[in-house]
There are 2 protein chains.
Amino acid sequence: MSTEGLSRRRLLGTGGTAAVAGVAGVAVGATTAGALALRGNAVTDDSAAAGAPGATTPSPALALDAAIPFRGVHQAGIVTPAQDRLHFVALDVVTKDPAQLRGLLEAWTRAAERMTVGAEAAPGGLVGGGPNRAPEDTGEAYGLPASGLTITIGYGPSLFDERFGLAAKKPAALKELPAFAGDQLDPRRTGGDLCIQACANDPQVAVHAVRNLIRLGFGVVAVRWSQLGFGRTSSTSTAQATPRNLFGFKDGTNNLKAEQPEDLAQHVWVAKDDERTGGAWMAGGSYLVARRIRMHIEVWDRTPLQEQEDIIGRDKKEGAPLGQAKEFDALDFAKKGPDGATAIPVDAHVRLAHASRLGGIRILRRGYNFTDGSDGVGHLDAGLFFLAFMRDPEKQFVPMQRALAKADVLNEYIEHNGSAVFACPPGLAEGEHWGQALFA
Amino acid sequence: MSTEGLSRRRLLGTGGTAAVAGVAGVAVGATTAGALALRGNAVTDDSAAAGAPGATTPSPALALDAAIPFRGVHQAGIVTPAQDRLHFVALDVVTKDPAQLRGLLEAWTRAAERMTVGAEAAPGGLVGGGPNRAPEDTGEAYGLPASGLTITIGYGPSLFDERFGLAAKKPAALKELPAFAGDQLDPRRTGGDLCIQACANDPQVAVHAVRNLIRLGFGVVAVRWSQLGFGRTSSTSTAQATPRNLFGFKDGTNNLKAEQPEDLAQHVWVAKDDERTGGAWMAGGSYLVARRIRMHIEVWDRTPLQEQEDIIGRDKKEGAPLGQAKEFDALDFAKKGPDGATAIPVDAHVRLAHASRLGGIRILRRGYNFTDGSDGVGHLDAGLFFLAFMRDPEKQFVPMQRALAKADVLNEYIEHNGSAVFACPPGLAEGEHWGQALFA
């Protein structure tokens with residue numbers, strides 16, 4: 001058993017706790033004052049104490065199980081230290097009645113807040129409605145803890161068309177992404193009026209959350225597409241070890257982190273005086289770009305190590321930039337290798353995607369690995385479900401992806417086959433709901 | 001935070017440890033005597049000691065991370081306490097050369113044994129082959145612990161056709177399942193010459209294992225279909241809490257358990273004098289039936305609680321048989337409810353599937369929940385990936401499924417759309433490999 005091998009779980013379990021604003025018992029008290037009957041049990045002194053800051057023994061399992069505060073200046077699930085599992089769903093609104101949509105957004109808020117503390121989707125849960133009514137909660141997460149669940153909502157460009165009277169509210173920055181060279185988009189994995197990103201450390205908890213929100217939306221929304229992610233591919237906190245993507249490389253070493261508020265303000269959060277991105281009603285919100293990137297892993301797996309490292313621009317084992325020794329060493333694009341060429345090749349991914357080559361552009365990456373069965377011709381359908389948050393997609397993701405689509409050697413091994421963009425509103429204060437600012 | 005809520009993880013982490021034959025440090029020593037360089041680190045005294053039986057502090061995280069012995073009388077991954085995540089793949093052999101197939105089975109054995117202790121798929125791993133060769137391990141699990149990984153192999157009926165000279169070896173009991181009423185099988189999710197079941201507590205570790213075996217099989221095998229499972233739906237040890245399926249009900253309460261060796265000998269393990277199921281070369285092996293069962297969860301979620309409970313035959317919250325109070329209370333099929341009808345309806349699932357109604361038939365269930373995106377018409381593609389081990393499918397699964405397909409009210413809510421059967425050979429003794437008994 002490797003001690004280094006445990007770092008991912010342990011860091012999230014101990015160091016990671018410090019980066020979230022509360023742990024289980026605390027979060028319950030802080031959000032809804034004990035009014036919730038938790039899934040399967042009431043809060044007990046024992047269980048609250050076990051997670052309290054004063055507890056003497058760090059408990060990795062408990063920290064992974066803990067609750068993340070639902071309300072705050074920003075939505076949870078953006079700079080929250082990335083949980084290990086994802087269920088993402090894009091939905092279309094099928095009602096024509098704005099009041100129904102507003103009502104659903106309010107109901108979603110109540111249910112989401114409950115589920116993030118480990119409670120059932122509605123009071124009464126499995127049995128509260130009595131024998132002659134469908135249960136208020138589907139039940140598969142009954143008995144499971146909060147598991148770090150975050151539920152993050154986004155509004156797609158199409159939500160602001162003529163149907164719901166929201167056209168005047170549409171931020172200029174919220175528009176479908178342009179076509180990029182090499183795109184092979186599948187319309188069945190593209191777009192959506194709304195999205196819900198559920199992240200948790202137990203996939204059953206993430207799937208349960210999405211499913212119960214869908215259930216609440218029956219007749220108002222329908223699933224357009226959905227994506228399960230099984231392993232985070234980025235760290236969003238300095239307390240987390242850098243994970244690996246399905247190319248086997250550490251991913252997101254230089255990602256923006258929760259501990260860098262100035263960088264986040266500059267690159268991620270919408271400012272209240274920025275009318276282009278929504279101004280006041282979007283202030284503290286962010287834009288989410290989702291891209292389903294199929295990786296041709298069978299081809300990659302037959303590529304020599306040196307070629308893999310040259311394509312990425314880092315060494316595979318340590319994750320160090322080529323020409324350097326350690327993962328977090330600075331990239332030196334001028335440094336020459338023994339052969340006289342630059343250690344980091346001119347078309348390496350890290351060079352093309354680096355802020356210094358893109359006029360300072362940075363984004364907060366929060367993607368997941370996926371494996372969705374097989375492709376029917378002998379290969380796994382696997383890759384990276386790229387999720388990234390930013391202030392303005394047109395000024396950040398679009399130029400970045402244009403540069404990558406044009407020159408990145410990695411393109412021989414990947415294929416973008418799903419795409420969507422959403423405006424994620426700011427976090428909610430006590431008493432607010434997701435339909436409020438939208439319809440105000 | 002609910003104390004009950006933690007039971008699943010905690011039981012697996014502490015009680016569960018007792019049910020497996022070793023923990024990390026022990027398993028490494030017992031299997032390959034320190035010859036393996038673990039992913040990212042060598043075994044240290046510290047890490048070995050932390051998992052050893054004498055350690056003073058139970059560590060839930062470590063137990064979930066621990067290694068399960070690869071060799072033994074039976075293959076691991078059958079009565080091993082069910083891990084939380086699954087990656088299952090069915091493969092077709094694409095070579096015509098029996099020697100190539102035998103060689104692959106030998107290479108798979110080496111790689112599987114290494115990966116189950118947390119090592120890379122081959123010595124040298126990420127970098128051992130040097131810069132001009134493809135890495136011997138794809139790398140995405142580098143730094144991750146063993147995570148309870150088990151890798152279980154099965155041989156499909158088609159493997160014993162004329163191609164590889166194995167026809168004489170084919171057990172009479174190994175044949176494709178008959179068609180059942182209501183089957184809606186998709187050929188792209190059906191059959192296979194071989195299967196690999198990888199179970200682990202970290203999905204990245206399970207996916208890594210399958211992918212590396214596929215990589216080793218390039219030119220010899222091709223992926224026919226694969227399935228990711230995110231939540232176990234059965235317990236296979238008395239130390240595990242009963243999980244819930246996507247209908248929100250506890251599943252597998254009366255499952256066979258690792259702690260019942262006599263029942264397992266009767267219902268799961270092939271006996272050496274049973275020629276029909278393979279006799280000597282299959283003794284200690286078992287038969288695996290896989291069924292992909294789509295659940296129409298949206299319809300189910302609008303079904304009243306009482307109707308749900310009548311269909312299953314248990315109460316939703318406790319999981320108690322109807323008419324009883326506790327989950328593990330015995331089923332009483334004669335007991336009447338207040339309305340004079342039997343408390344457990346005549347067509348309830350638990351009644352139809354109960355051993356007493358099926359001439360004593362029992363099977364070891366080891367299935368997983370799945371959610372595979374959406375179905376294109378507004379719903380999640382979700383359900384139960386049913387996996388079950390038994391001595392003889394024709395005498396166990398076939399009559400059981402015939403009874404269920406005919407009368408089970410649950411059929412209105414489910415659809416079997418994938419199916420396969422495999423002969424899983426016995427466990428390997430030191431020095432043996434998966435191709436040996438097959439080609440002997």
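**Exercise 1. Find the residues at the centre of the largest nonpolar core, then list what L149(B) touches.**

*Solution.* Start with the terms. A nonpolar core is a set of buried Ala, Val, Leu, Ile, Met, Phe, Trp, Tyr and Cys residues joined through C-beta atoms within 7 Å. Buried means 20 or more other C-beta atoms within 10 Å of the residue's own; 12 or fewer means exposed, and in between is partly exposed, with C-beta atoms placed from the backbone. The largest core holds 228 residues. Those touching the most other members are L149(A), A206(A), M295(A), L149(B), A206(B) and M295(B).

Next, take L149(B). Contact requires C-beta atoms, placed from the backbone, within 7 Å. Leave out residues up to four places away in sequence; L149(B) then touches I68(B), M115(B), T116(B), A198(B), A200(B), V205(B), A206(B) and A209(B).

The model is predicted: local features need pLDDT of at least 70, side-chain atom pairs count only at pLDDT 80 or more, and totals for chains, interfaces and linings use all residues. Residues are numbered from 1 along each chain as its sequence is written, while chains are lettered from A and ligands numbered from 1 in the order written.

**Exercise 2. Work out the span of α6(A) and what its buried residues pack against.**

*Solution.* Helices (H or I, at least four residues) and strands (E, at least two) are DSSP runs, numbered from the N terminus. Helix α6 of chain A covers residues 98–116, 19 residues in total. Expected span is 1.5 Å times one less than the number of residues. From first C-alpha to last, α6(A) reaches 27 Å, close to the expected 27 Å.

Now the packing. Buried residues of α6(A) include L101(A), L104(A), L105(A), W108(A) and M115(A). The partners of the buried residues are β1 (85–93), β2 (150–155), α7 (203–216), β4 (221–229) and α13 (436–439) of chain A. After the helix comes G118(A), with a positive phi near 90°.

**Exercise 3. Explain why α10(A) is largely enclosed.**

*Solution.* Count first. Six of the eight residues of α10(A) (305–312) are buried, so the rest of the structure largely encloses this helix. The six are L305(A), Q308(A), E309(A), D310(A), I311(A) and I312(A). They pack against α11 (349–352) of chain A. Just after α10(A), G313(A) has a positive phi of about 95°.

**Exercise 4. State how confident the predictor is in chain A and in the complex.**

*Solution.* pLDDT is the predictor's confidence in each residue, from 0 to 100. Chain A averages 87, and 86% of its residues score at least 70. Residues 1–35 fall below 50, yet have 111 contacts beyond near neighbours in sequence. For the complex, ipTM is 0.88 and pTM is 0.89.

Technical notes:
Contact = placed C-beta atoms within 7 Å.
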